[in-house]
Amino acid sequence: MNADVATEASPPLLEASGVSKRFDGVRALEDVSVAVPAGRVTCLLGDNGAGKSTLVKIVTGVYGADAGEIRMEGEPARFDSPREAIDRGVVPVHQHLAVVPLMSVWRNFWLGAEPTRGRGPLRRIDVGRARRETRESLADVGIEIEDVDRPMATLSGGERQAVAIARALHRGARVLVLDEPTAALGVKQTGIVIDQIERARDRGVGILLVTHAPHDAHPLGDRYVVLRRGRAIAERAREEVGVEELSRLMAGQDGA
């Protein structure tokens, strides 16, 4: 399916509309809206404390919103837990990856969802299938790791992020929520992650890229939503804004 046609003709895969959240009377989010169409990268930008993490937790089922609505493909959706969000195809990949460094690549790829064979007391992990499908899934997104028995800790930061993204896609992600995916990565490792994001986008996956770095967001984003002190103070398409303006908006140098 052509992603351009899909995004023009269809409602967004995921949409947060008028979302507000308070903690002990303190405003974390106030009337924030963001849409994630299929085959597009929507960037959510803001400095620390802007409300990015709160919005991520709401759209991935960690928190409930005090006001507003979450919709999937135009229909109201309610996620009472992260598992419910994942089951609907909204999958987060956090900055601090849910990986076990001393376990093998293939065990981290499956991590609690391993294929099995046999029944009852004879049921056990199908190690051969798990290894094979891990290699195939990684190769499908451009990551060649022949020895999937090697410890996860031996991979670079970019490769670990790539494994986490491939794992999310293998589990049926329709919307990838990427929380600071390039933080603390070098140039080469960042390039690996960017390649994975572009591949996922080209497959029609909706991407919500959460970052405080305009220079990382601008080359990837199709649309940018800037948060400041819990409010969405700007929304721009790529052709409407440059890196310098995004930085000024985040820093509060626009008069808002």
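This is a short tour of the model, stop by stop, with something to select at each one.

Before you start: the model is predicted, so local features need pLDDT of at least 70 and side-chain atom pairs count only at pLDDT 80 or more, while totals for chains, interfaces and linings use all residues. Residues are numbered from 1 along each chain as its sequence is written, and side-chain values use heavy atoms, with hydrogens and water left out.

**Stop 1: strand E3**

Select residues 41-45, strand E3. Helices (H or I, at least four residues) and strands (E, at least two) are DSSP runs, numbered from the N terminus. Five of the five residues here are buried, so E3 is largely enclosed by the rest of the structure; buried means under 20% relative accessible area, exposed over 50%, and partly exposed in between, with a 1.4 Å probe and protein chains only. In a regular strand, side chains alternate between the two faces of the sheet. Colour Val 41, Cys 43 and Leu 45 for one side of E3, and Thr 42 and Leu 44 for the other.

**Stop 2: the neighbours of E3**

Two strands pair if DSSP finds at least two bridges between them. Look for Thr 42, whose bridge partner in E10 is Leu 208. Strand E11 (residues 223-228) also runs parallel to E3, joined by four bridges, with Val 225 opposite Leu 44.

Carry on from E11 to strand E12 (residues 231-237): these two run antiparallel and share six bridges. Arg 228 faces Arg 231 across the pair. The hairpin has two residues between the strands, and Arg 229 takes a positive phi near 50° there.

**Stop 3: helix H5**

Select residues 127-140 for helix H5, whose 14 residues reach 20 Å from first C-alpha to last, close to the 20 Å expected at 1.5 Å a residue (the expected span is 1.5 Å times one less than the number of residues). Show Ala 130, Glu 133, Thr 134, Ser 137 and Leu 138, which are buried. They cover an arc of only 130° around the axis, which puts them on the same side of H5; the arc is that of the directions from the helix axis to the C-beta atoms. Among the elements covering them are helix H4 (105-110) and helix H6 (157-170). After H5 comes Gly 142, with a positive phi near 90°.

**Stop 4: the largest nonpolar core**

A nonpolar core is a set of buried Ala, Val, Leu, Ile, Met, Phe, Trp, Tyr and Cys residues joined through side-chain atoms within 4.5 Å. The largest has 43 residues, and those touching the most other members include Leu 138, Leu 169 and Leu 178. H6 gives the most to this core, with seven residues.

**Stop 5**

Go to the loop between strand E9 (175-179) and helix H7 (187-202), where you will find Thr 182. Thr 182 is buried at 11% relative accessible area. A polar contact of 2.8 Å joins its side chain to that of Asp 216; such a contact is a pair of N or O atoms within 3.5 Å, where within protein one must be able to donate a hydrogen and the other to accept it, and residues adjacent in sequence count only if both atoms are side-chain atoms.

Glu 180 is in this loop between E9 and H7 too. Glu 180 has a positive phi of about 50° although it is not a glycine, and is buried, at 9%.

How values were computed. Contact means heavy atoms within 4.5 Å.
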